[in-house]
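Dear colleague,

Here is the structure that I promised to hand over, and I would be glad if you could look through it before reading on. My notes on it follow below.

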Amino acid sequence: MGFEMISGDFSHCQDFDQFHKEILELHAKAHGTSYLDVHLEISRYVSSYETYRELGVNQGATAATALSFIPSSMKIYDINLKNFEPHRKFFEDEAKKLGIHFEAHEKSSLDPSTAEYVDVLYIDTLHTREHLMKELELHHEFVRQAIICHDTYAKPEMHKVGRTYRDWE
């Protein structure tokens, strides 16, 4: 079991709030409302801590959730930001309005420059055991509070990887 990556057309969206609302609706419609549980986890941690990093962005659904909970600093990384670029301005404008330091970078999650101290790290990249192991090896020592990995329950071999580094939920 796993989930197909979906993309929507948000070219009609006028602002960040409309984009965020509509991308969540798209995901819920495509995968069911339980698919949005990861957004609840992100909101729980981001509302309690200051800094957020995201590895694997696609169009920016989870990044939008994180930004809406106003971290002081937010950096997002993807090996290819082509799906995010049409919405980048929404993020930059919202971050500026809220006083959030926001950066989006086109880099591999395995690039050593992406590993820096952060409170909350969200990983949603290749969904393979081997890649997740490499990401955790690189990033885990820099995370102060929480690492959230997407689709790990849908792929049990990935869920087991996290326990290597910490006694996580």
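Leaving aside its neighbours within four places in sequence, which residues is His-12 in contact with? They are Gln-18 and Glu-22, where contact means heavy atoms within 4.5 Å. His-12 itself lies in the segment before helix H1, and His-12 is partly exposed, with a relative accessible area of 40%; buried here means under 20% relative accessible area, exposed over 50%, and partly exposed in between, with a 1.4 Å probe and protein chains only.

Please keep in mind that this is a predicted model, in which local features need pLDDT of at least 70 and side-chain atom pairs count only at pLDDT 80 or more, while totals for chains, interfaces and linings use all residues. Residues are numbered from 1 along each chain as its sequence is written, and side-chain values use heavy atoms, with hydrogens and water left out.

As for the overall picture, the secondary structure comes to 6 helices and 5 strands, taken as DSSP runs (H or I of at least four residues for helices, E of at least two for strands) and numbered from the N terminus. Along the sequence they follow the pattern α-α-β-α-β-α-β-β-α-β-α. Of the 169 residues, 49% count as buried, and among contacts between residues at least 6 apart in sequence, 67% join residues at least 24 apart.

Helix H1 covers residues 16-31, and at 1.5 Å a residue its 16 residues should span 22 Å, which agrees with the 22 Å between its end C-alpha atoms; the expected span is 1.5 Å times one less than the number of residues. The buried residues of H1 are Phe-16, Phe-19, His-20, Ile-23, His-27, Ala-28 and His-31. Seen down the axis of H1, these fall within an arc of 160°, so they line one face of the helix, the arc being that of the directions from the helix axis to the C-beta atoms. On the other side of H1, Lys-21 and Lys-29 are exposed, whereas the buried residues of H1 pack against H3 and H4.

Ala-63, Ala-64 and Leu-67 of H3 make the contact with Phe-91, Glu-94, Ala-95 and Leu-98 of H4.

Within H4, Arg-88, Phe-90, Phe-91, Glu-94 and Ala-95 are buried. They cover an arc of only 160° around the axis, which puts them on the same side of H4. On the other side of H4, Lys-89, Lys-96 and Lys-97 are exposed. What covers the buried residues of H4 includes H1, H3 and strand S3 (101-106), and H4 is followed by Gly-99, whose phi is positive, near 75°.

Finally, Arg-53 lies in strand S1 (residues 51-55) and, at 5% relative accessibility, counts as buried. Leaving aside its neighbours within four places in sequence, Arg-53 has contacts that include Ser-73, Tyr-77, Glu-116 and Tyr-122.

With kind regards
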